[in-house]
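Q: Could you walk me through this one? I have the sequence and the model open, and I would like to go through it step by step.

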Amino acid sequence: MQNEAHKHSFTPPALTLTGAQVLMPDGLISQSVSLSDGQIIAGPVGREVDLSGCLILPGVVDIHGDGFERHMAPRRGAMQDAKGGVIATAAEMSANGITTGVMAQFFSWEGGMRGPEFAVHVFETVQKISADLATDLRLQLRLETHLLDAFDLVVETVDRFGIKYVVYNDHLQHDRLASGRRPKRLTGQALKGGRNPEDHFAMMIGLHQRGPDVPAALTALSEKLLARGVVLGSHDDSTLSDRAKWSAMGVTISEFPETFEAAEAASGSSAPVILGAPNVVRGSSHAGNVSAMELIEAGLCDALASDYHYPALRAAVDSIVSKGVMDLPAAWRLVSTNPAKILGLTDRGQIAPGMRGDLLILEPETGRVGATIAAGTLTYATGIVGNRFLNAT
């Protein structure tokens, strides 16, 4: 599913969008944009839609988002069928201009909706219905590094679903576990995973104690994944040694580094640095880590990700531009061209003939998302912009 260009099961109509300002690599220009068979073409072709006063941008490529979790399980235990949740996720992405979205699914000891069994269920569901969705939903497997007994299952899962992006996480609270103290939020986490808190605590202690076995096991796993063409990322790097360790294993992406030092080390080793858009919007990390805006100002950001909130991507760009940190073309590359390039998706991230027909259309005056087009198909439309599509001639 992830090995080839995403294709849906229907043929989108030919359209020519006129009258708008269009964001090109060097800035905004007034020109028409034509779409046919899901691609941008030199045009004109098909029906004409007057978008005077609107702004057309390349569709957003969200390189890491786990905001879909609330759609998968709106309440504890309500997660028997992920189909409706996947459809709702695609709809929310479209409402925020996202035309390619990487669903960052946990493969964790936490259990419940973050456990391996539910991860496979989500992957199966996306595989079954992706052809019915124009939004390109891609899969990221977020592996907890101490879940050693599941490493063979990781390889099987990657092979089965064609997953091309695996990220290593370690959310064990090692300092507390080393001293025998109960981790923070233990009871809530245990209940979410369907476990007795004491059993959950004992399991975490056991995982922590296997720490000496982790480096060799991860190295062996990384070799297998790299041989399959999988891109590897690390999550929450905090030190120079963190980045050096991952770099030695062929882990080439640094997601959400926690310190300036770690981000600088990743950038210095040519590892793309992914930052969370909510951090930009807040002006700081909710966990007390380095400010994403500070890293952007220092040139230590290659792409922004929605993290846990899809609307944050556009809001982050607005903040970056309004504060004069970057102009609009440069800021928009953080959510379009750059993440597409990092993911190896050469057919999207900019507006040009031959590229995938992924567009975001902003309303006049309000600047709100008026319409989203993914692979030439209208996936979201509302208000003034939606009415113009209805009145197209």
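Q: Where does Pro 44 lie?
A: Pro 44 lies in the loop between β5 (39–41) and β6 (47–50), where helices (H or I, at least four residues) and strands (E, at least two) are DSSP runs numbered from the N terminus. Please keep in mind that this is a predicted model, in which local features need pLDDT of at least 70 and side-chain atom pairs count only at pLDDT 80 or more, while totals for chains, interfaces and linings use all residues. Residues are numbered from 1 along each chain as its sequence is written, and side-chain values use heavy atoms, with hydrogens and water left out.

Q: And the peptide bond from Gly 43 to Pro 44, is it cis or trans?
A: That bond from Gly 43 to Pro 44 is cis, with omega near -5°. Most peptide bonds are trans, and most residues other than glycine have a negative phi.

Q: What about phi of Asp 236 and Asp 307?
A: Both are positive values in residues other than glycine: phi of Asp 236 is near 65°, and phi of Asp 307 is near 60°. Asp 236 lies in the loop between β12 (231–235) and α9 (240–248), whereas Asp 307 lies in the loop between β15 (303–305) and α13.

Q: Is Asp 307 buried or exposed?
A: Asp 307 is buried, because its relative accessible area is 15%, and buried means under 20%, exposed over 50% and partly exposed in between, with a 1.4 Å probe and protein chains only. Asp 236, with 26%, is partly exposed.

Q: Okay, new topic: what is the order of the strands in the open sheet?
A: The 6 strands of that sheet come in the order β3-β2-β7-β16-β17-β18, with mixed pairing, and two strands pair if DSSP finds at least two bridges between them. The edge strands, each pairing on one side only, are β3 (27–30) and β18 (377–381).

Q: How many bridges join β2 to β7?
A: Strand β2 (residues 21–24) is joined to strand β7 (residues 55–58) by 2 bridges, and these strands run parallel. Val 22 has Ile 56 as its bridge partner in β7.

Q: Which helix lies across β16, β17 and β18?
A: That is helix α16 (residues 383–390), which runs at about 50° to β17; axes are lines fitted to C-alpha atoms, for helices over the stretch in contact, and angles run from 0 to 180 degrees between N-to-C directions.

Q: Back to loops, then: what does Gln 31 touch?
A: Gln 31, which has its place in the loop between β3 and β4 (33–36), touches Leu 17, Ala 20, Val 22 and Met 24, not counting residues up to four places away in sequence. Contact here means heavy atoms within 4.5 Å. Gln 31 is partly exposed, with a relative accessible area of 29%.

Q: Which ring does the charged end of Arg 142 sit over?
A: The charged end of Arg 142 sits over the ring of Phe 106, 3.9 Å from its centre, and Lys 245 lies over the face of Trp 246, at 4.3 Å from the ring centre. The rule asks for NZ of Lys or CZ of Arg within 6 Å of the ring centre and within 35 degrees of the ring normal.

Q: Last one: how many helices and strands does the protein chain have?
A: The protein chain has 16 helices and 18 strands, and 54% of its 393 residues count as buried. Its C-alpha trace spans about 70 × 45 × 35 Å along the principal axes.
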